[in-house]
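Here are some questions and answers for a reader meeting this structure for the first time.

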Amino acid sequence: MSGARTPVLILSALGMLGAGSAGLDTVRLDRLEEADVGDAHPPGWQVRSVRGVEPPHSEVVEETGHPELDRALRFEAEGQAAFFWLELSESIEPAREKVRWYWKVEDPVDGAHLREPERDDAPARFFVVFGTGGVFSTPEILFYTWGGAAEDVGTHWTYPDEDNFRIMVTRNADDPLDTWLRESRDLHEDYRRTFGGDPEAVTAVGFMIDTDDTGARAASRLGAIAKTLKRSPAPGAPIPDAGAR
């Protein structure tokens, strides 16, 4: 993910979003239902490549055989990296709302190691943007990252030379490939674990496929993204771990 500083400023001037409802307490954010199969990405999504290299290929594809997904955004990269993002017309409030998404990795990044700058690549990074940027400030970004064999799920750290970036390993080499997995994250707890303190509202969501350091090939897919209201546990019920997948 080298050379990522420039997109931080880009992420503070993002596009528009129309949200579709999937239940009284769930709001879809991805706009996949507004896209045609074959489109490069849904309406409103923006792209910023890293190091001035042509961005990875992205395409809206049809999904079959999954009860909750009929379309997805597929990414394929070889020696490339880019930010794909969408600003939210209604922000996510971390104190009362969670974010959930579907993703899968078809082909991981051979030889990647997230802790080594020369091999810091990942086939999938879902990210959220806290706050907005400006002349005297930049947003804070948390990257939920698909690691490899060297990274344990739940570990997190500050990205080198990017104090406003945090990396959290959400999946790794122990997780199945070519299989849709659903994530549900408590953004407030994850922010407190990684940045400390209380977060500002989440103003954008996005995705990276990242192979620019190793030059390897990778492919992954992003499915439905939604925000959901937090629910209070029933009396006497155990409180779930905020880091649970």
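Q: Is I225 buried or exposed?
A: In this predicted model, I225 is found in strand 14, which covers residues 217-229. A residue counts as buried when its relative accessible area is under 20%. Because the value for I225 is 1%, this residue is buried.

Q: How many Å apart in space are I225 and R100, C-alpha to C-alpha?
A: Leaving aside residues up to four places away in sequence, I225 touches several others, among them V99, R100 and W101. Although I225 and R100 are 125 residues apart in sequence, their C-alpha atoms are separated in space by 5.8 Å.

Q: What is the order of the strands in the open sheet of 7 strands?
A: The pairing in this open sheet is mixed. Its edge strands, each pairing on one side only, are strand 3 (46-49) and strand 10 (156-158). From one strand to the next the twist averages 25°, and the order of the 7 strands is 3-6-13-8-9-11-10.

Q: How many bridges join strand 8 to strand 9?
A: Strand 8 spans residues 122-130 and strand 9 spans residues 140-146, and the two run antiparallel. Within this pair, F130 stands opposite E140 in strand 9. The number of bridges that join strand 8 to strand 9 is 6.

Q: Which helix packs on the sheet, touching strand 8 and strand 9?
A: The helix in question also touches strand 6 (81-92), strand 10, strand 11 (165-171) and strand 13 (202-210). Its direction makes about 100° with that of strand 9, and it is formed by residues 187-194, which identifies it as helix 2.

Definitions and conventions: Residues are numbered from 1 along each chain as its sequence is written. This is a predicted model: local features need pLDDT of at least 70, side-chain atom pairs count only at pLDDT 80 or more; totals for chains, interfaces and linings use all residues. Side-chain values use heavy atoms; hydrogens and water are left out. Helices (H or I, at least four residues) and strands (E, at least two) are DSSP runs, numbered from the N terminus. Buried means under 20% relative accessible area, exposed over 50%, partly exposed in between (1.4 Å probe, protein chains only). Contact means heavy atoms within 4.5 Å. Two strands pair if DSSP finds at least two bridges between them. Axes are lines fitted to C-alpha atoms, for helices over the stretch in contact, and angles run from 0 to 180 degrees between N-to-C directions.
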